[in-house]
Amino acid sequence: MAPSVGVEWSSLVGTGLGAVLGVGATLVGEHVRWRRTARDSRLQDRRTLYADCLVSFRRAHEAMRLAADEEHANPQVRAARIRQVHQASGCDEARERLILTASRDVAAAIDASYISLRQIREVLASGATVPTPDYQAARQAHREATEAARNVLRRDLDSLDI
């Protein structure tokens with residue numbers, strides 16, 4: 001009888017060890033899947049946040065240019081209209097949402113683009129029009145700041161896409 005007890009014991013140990021290994025492998029697989037899903041979700045959230053912010057800056061710029069081209073009764077009305085469309089564009093809110101969760105590099109790059117956009121607002125509100133040198137200089141500074149921001153945003157997204 002002793003040999004059959006040993007066979008039963010080793011069978012039981014083998015079955016238990018197999019169950020432990022199976023459960024362990026399943027848990028490891030689930031953890032890896034969860035990490036990948038979390039990373040993909042973070043990446044998608046950042047992509048959306050970054051794109052929304054840059055698009056809102058673009059909308060603000062276009063709306064200010066259009067407002068500057070409208071016929072206005074006086075310069076104060078024109079300046080108020082330009083500031084109003086800037087505020088209505090949502091760029092302030094988009095910037096705040098991004099800066100709340102962004103790294104320092106990303107926040108600094110977005111701030112530089114935003115500050116250059118506000119400079120465009122002030123140039124247009126002061127009476128400049130699209131063909132004037134003041135507007136063209138402000139536009140060029142905004143273009144450069146926004147391109148620099150895009151590069152920082154791309155690097156940040158690439159660091160998550162590993």
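Tutor: Let's start with M64, which is found in helix α1; helices here are DSSP runs of H or I with at least four residues, numbered from the N terminus. The model is predicted, so local features need pLDDT of at least 70 and side-chain atom pairs count only at pLDDT 80 or more, while totals for chains, interfaces and linings use all residues. Residues are numbered from 1 along each chain as its sequence is written, and side-chain values use heavy atoms, with hydrogens and water left out.

With a relative accessible area of 0%, M64 is buried; that word means under 20%, while exposed means over 50% and partly exposed lies in between, using a 1.4 Å probe and protein chains only. Leaving out residues up to four places away in sequence, M64 touches I82, V85, H86, L117, I120, R121 and L124. Touching, or contact, means heavy atoms within 4.5 Å.

Setting aside neighbours within four places in sequence, I82 is in contact with M64, A67, A68, R121, L124 and A125. Between I82 and E70, twelve residues apart along the chain, the C-alpha separation is 9.9 Å.

Some of those names lead us to helix α4. The axes of α2 (residues 75–88) and α4 (residues 104–125) come within 8 Å and cross at roughly 155°. An axis is a line fitted to C-alpha atoms over the stretch in contact, and angles run from 0 to 180 degrees between N-to-C directions. The two helices, α2 and α4, are therefore roughly antiparallel to each other; angles over 145 degrees get that label, those under 35 count as roughly parallel, 65 to 115 as roughly perpendicular and the rest as oblique. The crossing of α2 and α4 is right-handed, a word used if the near helix is turned clockwise from the far one by less than a right angle, with left-handed for anticlockwise. On the α2 side, R78, A79, I82, R83 and H86 make the contact, and on the α4 side Y114, L117, R118, R121, E122, L124 and A125. Sorted by class, this contact of α2 with α4 has six nonpolar, one polar and five charged residues. Here Ala, Val, Leu, Ile, Met, Phe, Trp, Tyr, Cys and Pro are nonpolar, Asp, Glu, Lys and Arg are charged, and the others, Gly among them, are polar.

What else packs against α4? Helix α3 (residues 91–101) packs with α4 at an angle of about 165°, their axes 10 Å apart. That makes α3 roughly antiparallel to α4, and α3 passes α4 in a left-handed crossing. C91, D92, R95, L98 and I99 of α3 meet V106, A107, I110, D111, Y114 and L117 of α4. The contact of α3 with α4 has eight nonpolar, no polar and three charged residues.

Then there is α5, whose axis comes within 8 Å of that of α4, crossing at roughly 165°. So α4 and α5 are roughly antiparallel to each other, and their crossing is left-handed. Among the residues making this contact are L117, I120 and L124 of α4 and A138, A145 and L153 of α5. The residues of the contact of α4 with α5 divide into 15 nonpolar, five polar and four charged.

Finally, let's return to α1 with an aromatic pair. F57 and Y114 are tilted, 5.8 Å centre to centre and 45° between the planes; rings of Phe, Tyr and Trp (its six-membered ring) pair if their centres lie within 6.5 Å, with planes under 30 degrees apart stacked, over 60 edge-to-face and the rest tilted. F57 sits in helix α1 (residues 2–69) and Y114 in α4, 57 residues apart, and the pair links distant parts of the chain. Both F57 and Y114 are buried. For contrast, L17 is also found in α1, but L17 is exposed, with a relative accessible area of 51%.
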